[in-house]
Structure formats: structure tokens, C-alpha cells
Number of protein chains: 2
Amino acid sequence: MADRMQGMSGNIIREILKLTKKPDIISFAGGLPSPDSFPVEELRQIAGDIFAGDPGFLQYGTTEGLPELRESLAAWVAEVGIDAHSDQVLILTGSQQGIDLACKALLNPGDTVIVERPTYLAAIQIFKMYGANIVAVPGDERGMDLEALAEAAAAHRAKMVYIISNFQNPSGITWSLEKRQQLAALADELGFIIVEDDPYGRLRYSGSSEPAVSGLNRLKRSLYLGSFSKVVSPGLRIGYAVGPAPLIRAMVIGKQGTDVHSSNLSQRIVLELMRRGILARHIPKICAQYGMKRDVMLSALAEHLPAQVSWTKPAGGLFIWVTLPQKYSVTKLLERAVEEKVAFIPGIPFFLDGSGDNCMRLNFSNASPEQIRTGIARIAKVIAEADK
Amino acid sequence: MADRMQGMSGNIIREILKLTKKPDIISFAGGLPSPDSFPVEELRQIAGDIFAGDPGFLQYGTTEGLPELRESLAAWVAEVGIDAHSDQVLILTGSQQGIDLACKALLNPGDTVIVERPTYLAAIQIFKMYGANIVAVPGDERGMDLEALAEAAAAHRAKMVYIISNFQNPSGITWSLEKRQQLAALADELGFIIVEDDPYGRLRYSGSSEPAVSGLNRLKRSLYLGSFSKVVSPGLRIGYAVGPAPLIRAMVIGKQGTDVHSSNLSQRIVLELMRRGILARHIPKICAQYGMKRDVMLSALAEHLPAQVSWTKPAGGLFIWVTLPQKYSVTKLLERAVEEKVAFIPGIPFFLDGSGDNCMRLNFSNASPEQIRTGIARIAKVIAEADK
């Protein structure tokens, strides 16, 4: 499944990843939910009920989205500390559309967008498409280096700061409360907009949740993006944006020109999952499953990988970020790994400057525990061989 | 239902049209299919079968779209004279997304896009959003004035010519075979890309179909956009683009950044409608219904409107275009019309230069025959009063 990796079009990684579609390859490459995580029976029941009811969903809807779903989402984001009216909610076809529409609404070519280093590769592609000047600011396991951010934001008069606040893609790190508060204050002080992408926030397996940066900023200069792709199903294509009313209105105009509105059928399905309490019951089940898989992968990494290799221990999400000594090229390792029937994403596309080739992103949600153990052993073998 | 009229944000028409959501208003304003035109029972059956089968559709899909649906569509467009491989088909969330992605792939700010005069108002909004220089070329009931087009295309080195070849929105006109052939040749000669939007082409109620301009051009410098919004359901959000492989690839990259892929569930539903022959049986039913409504509206116009008013007699589609003498302001008439509980779209937003206020677009697909007769009588009354 090519999924969200396709942004790296034309490069060698894409070609290699085509091979990962073969059924006998263990792939840690995608960002895919586990195929047995979907609430199929509940979805079947809901779809039947929707088609047996008012067929109004087959007609055009409003660009903003189904009013009842917007209301449900205003309540849903209150759980992460965001106080929003349903008018401030826009239904999207995924949180990624929110990045695109925010750019459409806010950016002119040459405007500066600050991102985490490393960051989500498809976000980089979007910012490039809008002609942005992209500046990557490094950080640690608690979030971005905010002194460096303040300096870069002031120097470039940054328009936007894009972050993934929970279980970041690719690094797996989560912003600390202190850094969240500081970033929320910096936005007001320096005049940039925070685009807080949070597709994984509900998938926490240990520790306790921190409030959304956008909530700490009281949605004054912040946009919160959420998704049902990781907690229900990516195939339905439903996400949402919550932000200041003028920004949401500008994004609505952008969305009108793009796709008029998100699928009413998918919106109705998600609404019913929320109304019937299925979503609230479903998420802990996924968390139990993915948390176990994360632990299996962390154990396998500790068991098999050599001492000079390090990796993040994410409290949730889908990804572990592995750092090898600088002498390794993970892109080269990938070629050998695919021969050994295991795949992952090399670090380069998550950076802007060609660095990161000593890093790899491992997804732990899609493979089975047995596959995880086997796959990590294979990666260890490939690394060991590269040492010779 | 605000639907695709929302591009006129902020202006008086939008405010007036909000009133048309009231249930006792007869609205000829939208471009909505008839609510009783949806194949609800067939869709219910299909949805049940999809959820009872392989749940793979709940996972991420490829940006290009479901392979089986791309194949079905390659065969589907052969019926309008387009010879395409399934690799040249991109599944969209509606034909409108094709306009947006074509702009993303092809336009730089300042590039010239030539459109029909009048043309689809949301297309104007999209071209503006990409900073295009938009040039409107008038025509007659057989299509654009191609001498004027050739002159404008050469003078501005036009990148793109946007047309609606069948039952144009708003005018209802259909391009003649001769004009289609000439335009197809001009694209090769002058180097522009034809974006042929054809959401209504299958809704023909009289006369015989002409081949798509994109087929006549052999997809060399042309992009064909189709939709299931008018023949199945707009709420599912499925359309498609067919074009030269390099342009389709560029649009795929644009779509990756926007919404990753279209809803798999909606794609599967459309695929099954095609596979089971339901679509082929359904379209003649809609055509019978809408053709009857068109005739009712044409009769009512002939019965009620004064002699100095003229209108188009479309062979299909959803719209009749009414032209009043220059002394009338249809925007002003609309205010009075809404008081009389009837609504339509004034001509201005379909033009670039503020003209067209003596014109109105009437939709005949959404209202019942009885409502059509009553509504046209009310419009006649409002026009008569304005004469006093």
C-alpha cells in the first residue's frame, strides 16, 4: 500500500517501497492502522441504518460539514483542552487537507513556515507546493528548541509554525506541557499561526495526556487538526480543523474550490460512531493492541540491535525513530533489507537538507507481533552485515 | 442548501440565498439533483454487500484511485469518444477537484486561462485563487467564438481553455461537432490545454450526443472531467479526470498533498453501481424525469414571461438561462422574488466584468413540476411589477 509515502515521488525510496507490496515482505514502512483494528461489524450496522433512514445525505451538503458532526467535534476537542464553538469546526477529508487549506488561506510564495526537525514528509511537500521558505528547527524529546524557534521566527517573520504535538511523525516524541505553554505564548508575541497536527493524540499507551497547544493558545493564533484515519479508518477520509473563526472561514472558501464538501456518507458514519459511544469504546481497544505491539518492537530492538544504535520510546502513536551512527546509510541498508524481506522508511525525506540518512522510521501498528520480532531480527542482520 | 453557490461569499446574493433554505420557498437557485432521483434501494444493497465483504476498503488506498474503478471509467469514457488507458484516469472527489488540481499542476500566477462568457462561477473562483489572468470569450448556442478565442489565446499565450462542452453551466448551450473539432485542433496549434468539464453530458433529453472535445484531441492537450454527482449522488463526492499521463501524474502529486485519496467507500459504491449495470439503467430514468421537468419549465416560461424576454432551450443538463432586456436588474428582482417565495441565481457571478445583471439561471431538476409552474408564474409577476 503506497498510502502517504507517495510524496517522495520519483526517488529511489519510492521504487524500493513498491517492492513492499509483496505479501511476504514485513513492512514497517507505512503509517497504516492494523487491518484487524477496524470496527467492521459496528460500521456495517451503522451503514445499514444510514441507508434505511433519510436519504438526505445523498444530496449536496455544506462545505463546513454536517452540523451535528461539527457539534460532536466541538465536544470531542474539549477533551484535549480546546474550548470551541461548532462554528469553529471544519470537517475535512483528513487532517492533511487542513495543512493544505491553511497554506491556501495564509501563505504567499516566499513566506516562512517553521517545522520540527525532522517532520512529516507530506507536510514538507505541501509547504513546497505553496512556495514557502521552510525552516526546520531541531528539538529534543520534549519538543522544539524554543529559543531557536523564537530567533528563526523573528528573523524570517514566520507566518506559520507546523508541529505534531503528540507522538510526532517520524520521531515519536511528545511536547512537554512547559514547551506547549511557551509555544502558545510565542505565537501571540511573534504573530505566527501554530498549525498543530494531531492525528495520533488519542493513541496513548502510557503516561498522561497534555492539553493541546491550540487550547493553551485559546485558538487565538492556532489551528488544531485532527483525524479519524488512525482511530477508525483512513479509507473513509474524515478529519477536522478547529481554529479562529476567520481562518476557518478562509479555509471553507478554499475547500469550496477544491472538493465542495467531504463525503456525507463518511461524515454520517463517523457521527454515528460518536453518538452511539462506539468510538469511545473502540479507542481503548486499539490502544491496548498498539501499545502491546510497541512494547514488542521496543523489546525486539533492545534484544537485536547493537549498542551504538539508539531509538525513541514513544508514549503512543505509530512510530519509533531509530538513529544509527553517522557511518551508516539507511537508504543503502533498505536495499539489502528488502532482499531480506523487511522494509522501513529511511530518514532523509523527513529532513530538508539531505541529512538523516543514518535514521529510520519504524511503524509498529500494522504488522503482527510475530512479524515485528522477525522483522527487527532481519534489520539487525542487515546492520551487522553492513559492519563487515 | 447552499451547495456550490457558496463561492459568492460575502456578497448580497449569498445573503439572499440563505433565505431559500426555508421550506416554503421554491428554489431554482441550486444545481441540485432531484431528491427523488437517488437509487436509494440499490445503494443500500450495495453498501450492505461492501461491508459484508473484504474490509480492505477501510485501509488507506492509492491516490490514483481504486484500480477496478479506473478500469471501469476508461471503458465508460470510451462511450463519449475518449480512448484512454486506466493509467490515464484519476479518481476525484468531484469534477471540481479536477479544475483545482489542473490549476495546481499547470498554472503560475499571471498565466492566462480562457473561459466561456458566461461560465461556471466556482471555476472563476478557483482560477482567481491561483492568480490566473482570466479572459472570457463569448459565443453562441453552438459554443465559443473560436476566432476570438484564437486571437485571445495567441495574444495572452493562454495556458488553459476551460469549457463545459455539454449543457453548459449557466447557459445550457452545447458545443457543435464543428466547434469541438476546431477547438481540439487549436489546442495543438496554439499550445494551450483544454480543460473540458462535463458533469452533465450523460443527462441528454433530446438530440444526439457529440464526441468529447478531449476525445477529438486524442487527449494530447486536453483533460476531461466527469462526475457522479448528477447521475448518482453528489453526497458521495466522486468524480474523475482523464488526460495525458504526465498531467495525470502531476495532478496525483497535487492530490496527495490535499486529501491523499478519495473515500474508498464511495469509490466502491460507484464501482458496484457500474459493475451491476445499475448506473446504465438509472441514467435513462433520471433523463426521463429531468427531461419532463425541462419541458414543464420551458412551457411555463412561454406561457408567463413577456415577449421581450428570451431563454435557452437546453438539450440536457440542469439549467435554463434567461435574458431580460438591459433595463432590468435581476439582483433587484431576486429580492422581490424571495418575498414572493421563489429564488434563482442572477447572472452577475457568471461574468468577470460585472455584466449579466439582466440574466438569470434557472435550475429545473430539483423542484417538482407543480412547483416549477407556480415558481415561473411568480417570477413573471415580479418582472411585471418591476415594469410599473
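Visitor: What makes A:I114, A:L149, A:A153, A:F192 and A:I194 contacts of A:V161?

Guide: In this predicted model, a contact means C-beta atoms within 7 Å. Setting aside neighbours within four places in sequence, A:V161 is in contact with A:I114, A:L149, A:A153, A:F192 and A:I194, so each of these pairs falls within that 7 Å cut-off.

Visitor: Which residues have the most contacts inside the largest nonpolar core?

Guide: They are A:M160, A:V161, A:V270, B:V161 and B:V270, in a core of 237 residues. Membership requires a buried residue, with 20 or more other C-beta atoms within 10 Å of its own. A:V161 belongs to that core, and therefore counts as buried. In soluble globular proteins, nonpolar side chains tend to be buried together.

Visitor: How do you know where the domains of chain A lie?

Guide: The bounds come from a domain assignment, which gives domain 1 as 3–38 + 281–387 and domain 2 as 55–276. Their centres, taken over C-alpha atoms, are 25 Å apart.

Visitor: How many residues of domain 1 of chain A are in contact with domain 2 of chain A?

Guide: On the domain 1 side there are 28 residues, in contact with 29 residues of domain 2 of chain A. Two elements of chain A, α11 (278–304) and β12 (319–323), each give two or more residues to the domain 1 side. The largest share, six residues, is that of α11(A). By type, the domain 1 side has 17 nonpolar, eight polar and three charged residues.

Visitor: Why is β12(A) called mostly covered?

Guide: Four of its five residues are buried. Each of those four therefore reaches the cut-off of 20 or more other C-beta atoms within 10 Å.

Visitor: What makes β11 and β15 of chain A partners of β12(A)?

Guide: Pairing takes at least two bridges. Strand β11(A), residues 310–311, has two bridges to β12(A) in the antiparallel sense, so that pair meets the requirement. A:V322 in β12(A) stands opposite A:W311 and opposite A:M360 in β15(A).

Visitor: Why is the relation between chain A and chain B that of a two-fold axis?

Guide: Chain B superposes on chain A by a rotation of 180 degrees with 0.0 Å of shift along the axis, at an RMSD of 0.0 Å. That is the relation of a two-fold axis.

Visitor: How do you know that the copies meet through the same surface?

Guide: Of the interface residues of chain B, 100% are also interface residues in chain A, so the copies meet through the same surface.

Notes:
Residues are numbered from 1 along each chain as its sequence is written. Chains are lettered from A and ligands numbered from 1 in the order in which they are written. This is a predicted model: local features need pLDDT of at least 70, side-chain atom pairs count only at pLDDT 80 or more; totals for chains, interfaces and linings use all residues. A nonpolar core is a set of buried Ala, Val, Leu, Ile, Met, Phe, Trp, Tyr and Cys residues joined through C-beta atoms within 7 Å. A residue is buried if 20 or more other C-beta atoms lie within 10 Å of its own, exposed if 12 or fewer, and partly exposed in between; C-beta atoms are placed from the backbone. Two residues are in contact if their C-beta atoms, placed from the backbone, lie within 7 Å. Domain bounds come from an automatic or database domain assignment. Ala, Val, Leu, Ile, Met, Phe, Trp, Tyr, Cys and Pro count as nonpolar, Asp, Glu, Lys and Arg as charged, and the others, Gly among them, as polar. Copies are superposed by least squares on the C-alpha atoms of residues with pLDDT of at least 70 in both.
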